[in-house]
Amino acid sequence: MAKINSIALTQGYVLKAPTCGSCSFLRVERVLPAWMKEENLRGAFWKLEINGIERTASCGKGGFTVKKTAICNCYEQLKI
């Protein structure tokens with residue numbers, strides 16, 4: 001990790017800013033690719049939670065589509 005210099009610190013630079021990607025309202029729809037679904041029919045064990053591809057991201061509060069690198073005034077930190 002690169003060392004942050006004093007100028008960056010005085011400007012309020014942070015490595016991880018709050019974004020929709022870390023908001024508690026973020027809702028992501030995941031889907032399995034077609035070839036994984038096909039293999040599952042033959043007995044494979046591809047799981048949506050682990051192997052799924054993120055299809056759409058939306059705000060759980062407002063319902064609109066979001067980008068994970070954006071932010072709005074209703075941001076709430078995700079509690080882990």
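Arg-55 is exposed in this predicted model, with a relative accessible area of 55%. Its side chain meets that of Glu-29 in a salt bridge, with an N to O distance of 3.6 Å. Glu-29 is partly exposed, at a relative accessible area of 36%. Because Glu-29 lies in strand S1 (residues 26–31) and Arg-55 in strand S2 (residues 53–59), the pair ties together parts that are 26 residues apart in sequence.

**Other salt bridges**

A search of the whole structure finds four salt bridges. One of them joins Glu-38 and Arg-42, whose closest N and O atoms are 3.0 Å apart. Arg-42 counts as exposed, at 63% relative accessibility, while Glu-38 is partly exposed, with a relative accessible area of 46%.

Lys-68 forms a salt bridge with Glu-54, and here the closest N and O atoms are 3.0 Å apart. This pair links distant parts of the chain: Glu-54 belongs to strand S2 and Lys-68 to the segment after S2, 14 residues apart. Both partners are partly exposed, Lys-68 at 34% relative accessibility and Glu-54 at 39%. Salt bridges with shared partners join Arg-30, Glu-54 and Lys-68 into one network.

The three pairs described individually are listed below.

| Salt bridge | N to O distance |
|---|---|
| Glu-29 and Arg-55 | 3.6 Å |
| Glu-38 and Arg-42 | 3.0 Å |
| Lys-68 and Glu-54 | 3.0 Å |

**Aromatic pair**

The structure holds one aromatic pair. Trp-35 and Trp-46 form this pair in an edge-to-face arrangement, with 5.2 Å from centre to centre and 75 degrees between the planes. Trp-35 lies in helix H2 (residues 34–41) and Trp-46 in the loop between H2 and helix H3 (48–51), so the pair ties together parts that are 11 residues apart in sequence. Trp-35 counts as partly exposed, at 45% relative accessibility. Trp-46 is likewise partly exposed, with a relative accessible area of 28%.

**Cysteines**

The structure holds zero disulfides. For Cys-23, which is in no disulfide, the nearest cysteine sulfur is that of Cys-20, 6.1 Å away. Cys-23 is buried, with a relative accessible area of 10%. Cys-59 is also in no disulfide, and the nearest cysteine sulfur, that of Cys-72, is 5.5 Å away. Cys-59 counts as buried, at 11% relative accessibility.

How values were computed. Residues numbered from 1 in each chain as written. Predicted model: local features only at pLDDT ≥ 70, side-chain atom pairs only at ≥ 80, totals over all residues. Heavy atoms only, no water. Phe/Tyr/Trp six-rings, centres within 6.5 Å; stacked < 30°, edge-to-face > 60°. Helix = DSSP H or I, 4+ residues; strand = E, 2+ residues; numbered from the N terminus. Buried < 20%, exposed > 50% of the residue type's maximum accessible area, 1.4 Å probe, protein only. Disulfide = S-S within 2.5 Å.
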